[in-house]
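Colleague: Before I plan around this model, could you take me through its folding pattern, its helix packing and its backbone details?

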Amino acid sequence: MMAPEILILATTFAAGSIVGSFVALVADRWPRGEPWAAARSRCRSCDRPLGPAQLVPLISYAMQRGRCAWCRAPLPADLWLTEVGGGVVALLALGTGGSGIYESGMALFGWAMFGWALFGWALVLLALLDARHFWLPDAITLPLIVLGLVAAAVVPQPDLLARASGAALGWGGLEALRQIWRRARGHEALGGGDPKLLGAIGAWLGLSALPAVVLIAALGGLGWAAIQALRGRPAGGMTPIPLGTMLALAALVVLGWPRIQMV
Ligand SMILES: [Zn+2]
């Protein structure tokens with residue numbers, strides 16, 4: 001690999017991890033109703049503001065050994081996980097600047113790249129919110145559906161028909177399943193946000209990607225339940241599984257699959 005290529009990859013990852021840091025901030029503050037755009041980052045334990053050096057993702061985390069510089073309270077592990085996730089999303093989007101997913105060849109940067117990166121970062125945010133709060137806000141999922149359809153104008157693959165049918169069948173199919181389950185069992189097995197998220201994934205990845213997304217999400221859910229059982233928590237029907245987290249992570253795997261194969 002050439003030195004300029006390494007520089008481009010490193011810069012892209014660093015830029016993505018800064019967005020990941022912001023995603024972690026939003027995921028932390030939004031559910032508590034705090035303003036997330038205005039105030040500076042603060043330690044969640046001692047409430048002291050973090051200095052500029054502490055705002056550099058990952059490096060500052062590693063230098064502080066995962067602790068607040070003031071009160072030594074451990075910083076949550078999902079902070080650096082989200083920063084890594086944001087960087088990985090940027091790397092996945094790199095090289096998608098031309099037409100469909102990784103078909104462009106030379107066009108490293110372009111509107112398509114920013115579109116895919118935006119989709120990926122939104123998935124990371126939704127995965128975090130659903131894992132922590134079982135919450136997939138309409139304010140993210142619904143605009144994501146619209147953006148996915150609009151993106152067909154800039155990104156030819158998947159085309160508008162594939163995106164529209166993916167959105168309709170993703171949302172409609174899972175919503176139908178949710179209603180049937182509720183009538184048959186008398187309780188909610190799925191949140192109302194899960195069908196909208198699958199609709200958004202369909203609007204971006206197209207109809208043909210949905211079976212793989214659902215299969216990987218189901219396997220992820222089984223794995224998650226197994227981990228809970230190993231930790232001694234009841235694995236019966238009472239342990240809720242954050243399906244939205246599984247769907248979002250599965251969509252990232254499917255989005256990145258052509259890129260992973262190229263490495
Ligand atoms: Zn602190």
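Colleague: Among contacts in the protein chain between residues at least 6 apart in sequence, what share joins residues at least 24 apart?
Modeller: Please keep in mind that this is a predicted model, in which local features need pLDDT of at least 70 and side-chain atom pairs count only at pLDDT 80 or more, while totals for chains, interfaces and linings use all residues. Residues are numbered from 1 along each chain as its sequence is written. Two residues are in contact if their C-beta atoms, placed from the backbone, lie within 7 Å. Among such contacts between residues at least 6 apart in sequence, the share that joins residues at least 24 apart is 68%.

Colleague: How many helices and strands does the protein chain have?
Modeller: Helices (H or I, at least four residues) and strands (E, at least two) are DSSP runs, numbered from the N terminus. Along the sequence the pattern reads α-α-α-α-α-α-α-α-α, and the secondary structure comes to 9 helices and 0 strands.

Colleague: How do α3 and α4 run relative to each other, roughly parallel or roughly antiparallel?
Modeller: Helix α3 (residues 77-93) packs on helix α4 (residues 111-133) with the axes 8 Å apart and at an angle of about 155 degrees, where axes are lines fitted to C-alpha atoms, for helices over the stretch in contact, and angles run from 0 to 180 degrees between N-to-C directions. Angles under 35 degrees count as roughly parallel, over 145 as roughly antiparallel, 65 to 115 as roughly perpendicular and the rest as oblique. The angle of about 155 degrees therefore makes α3 and α4 roughly antiparallel.

Colleague: Is Arg72, whose phi is positive, buried or exposed?
Modeller: Most residues other than glycine have a negative phi. Arg72, in the loop between α2 (59-63) and α3, has phi near 65 degrees. A residue is buried if 20 or more other C-beta atoms, placed from the backbone, lie within 10 Å of its own, exposed if 12 or fewer, and partly exposed in between. With 12 other C-beta atoms within 10 Å, Arg72 is exposed.
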